Amino acid sequence: MSENEGQSAVSEISTRTGFSRNSLRRDGELRTAESLAAALADDGAGLYLSAGGKWLVKTEGPALDARFSVSEAQALAADLNEAILLGFDAAGRPALAALVAATADEDGAGIAAMDLRGIAMEGRLDPDTEGRLAQAAHLIGWHAKTQFCGVCGRPTRSAAAGYRRECTACDNVVFPRTDPVTIMLVHDGAGRCILGRQPRFAENFWSCLAGFVEPGETLEDAVRRETMEEAGVAVGEITFLASQPWPFPSNLMIGCLGLATSRDITFDTTELEACRWFSRDEVRAMLSGAHPDGLMVPKPYAIAHHLIKAFAEEGP
């Protein structure tokens, strides 16, 4: 049974977000020093190839295909010695990720390099592949940042088929990290919610408040602290709604609904360029693309969309 099959009958909001559908059986605790070689020797092995921060996709055929055979990966000069074993599909075939220097095949045709965020926004690949690419992007980024030991400064090497790194000089072992981020839809219990705009946002684009969980902090306190810091609003009761892997570079978005206990907004002008209350009717218009001022909210691939939608359709 895959790790996701046990919840396949459950209609979780998390499964509707981008990067969340990944059916691979990871088996991280079963890996040995021989796991990578065994996976690459499997005739059914498939690789996802990253080049220059993008992902190679075969464009010829009835549908886009991000899976390459071992021989195809070798022809593109993939670094298989540093490949990462992502897991195994339902048929037991290994799925791996590797880096390549080139962004196209030798003829310059039939392969495109695609941005992962764009893949998710546009729905260019099936959800399961999208989730595998997110897993791969997270791990590749972590390996790139963990080339040297944090204890003695000597080089580290990949181990357990890419699921940890070991120092070549001391006994330090490093495992992949995930950074938790709270993202919250704060409401007043009477049909209004808070949305904000960061300076980097596209024109007319509004979204939920969000921030990293700090050391020694509960998720609930992170929601309250970030809302106070960004909007100047106090929050009481908090409800967890959904989560989303966010491989930019290594985050887990933790979506919550929060009940405001104060109303006056005084927002952080360093973090935000605007922040205000929105009525439920206004939010519904934004979701449907019918707001009279052209205001927009995130698309369904982002967890913020589902937090906003929960407020608009079912929320308090």
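Contact here means heavy atoms within 4.5 Å. With that in hand, here's a quick tour of this predicted model, starting from Arg-165, a buried residue with no salt bridge.

**Arg-165 and its surroundings**
- Arg-165 sits in strand β7, which covers residues 164–167.
- Skipping residues up to four places away in sequence, Arg-165 touches Glu-82, Trp-142, His-143, Thr-146, Gln-147, Thr-156, Arg-157, Ser-158, Ala-159, Asn-172, Val-173 and Val-174.

**Salt bridges**
- The structure has 18 salt bridges.
- Arg-25 pairs with Asp-27 at 2.8 Å, N to O; Arg-25 is partly exposed at 30% relative accessible area, while Asp-27 counts as buried at 18%.
- Arg-224 and Asp-221 pair up at 3.3 Å, N to O, and both belong to helix α5 (residues 219–231), three residues apart, or about one turn of the helix.
- There's also a salt-bridge network linking Glu-214, Glu-217, Arg-225, Glu-226 and Glu-229.

**Nonpolar cores**
- The largest nonpolar core holds 49 residues, and the members touching the most others are Trp-55, Leu-86, Leu-185, Leu-195 and Phe-278.
- Another core, of 22 residues, lies apart from that one and includes Ala-39, Leu-56, Ala-78 and Leu-96.

Note on methods:
Residues are numbered from 1 along each chain as its sequence is written. This is a predicted model: local features need pLDDT of at least 70, side-chain atom pairs count only at pLDDT 80 or more; totals for chains, interfaces and linings use all residues. Side-chain values use heavy atoms; hydrogens and water are left out. A nonpolar core is a set of buried Ala, Val, Leu, Ile, Met, Phe, Trp, Tyr and Cys residues joined through side-chain atoms within 4.5 Å. Buried means under 20% relative accessible area, exposed over 50%, partly exposed in between (1.4 Å probe, protein chains only). Helices (H or I, at least four residues) and strands (E, at least two) are DSSP runs, numbered from the N terminus. Lys and Arg count as positive and Asp and Glu as negative; His and the chain ends are not counted. A salt bridge is a side-chain nitrogen of Lys or Arg within 4 Å of a carboxyl oxygen of Asp or Glu.
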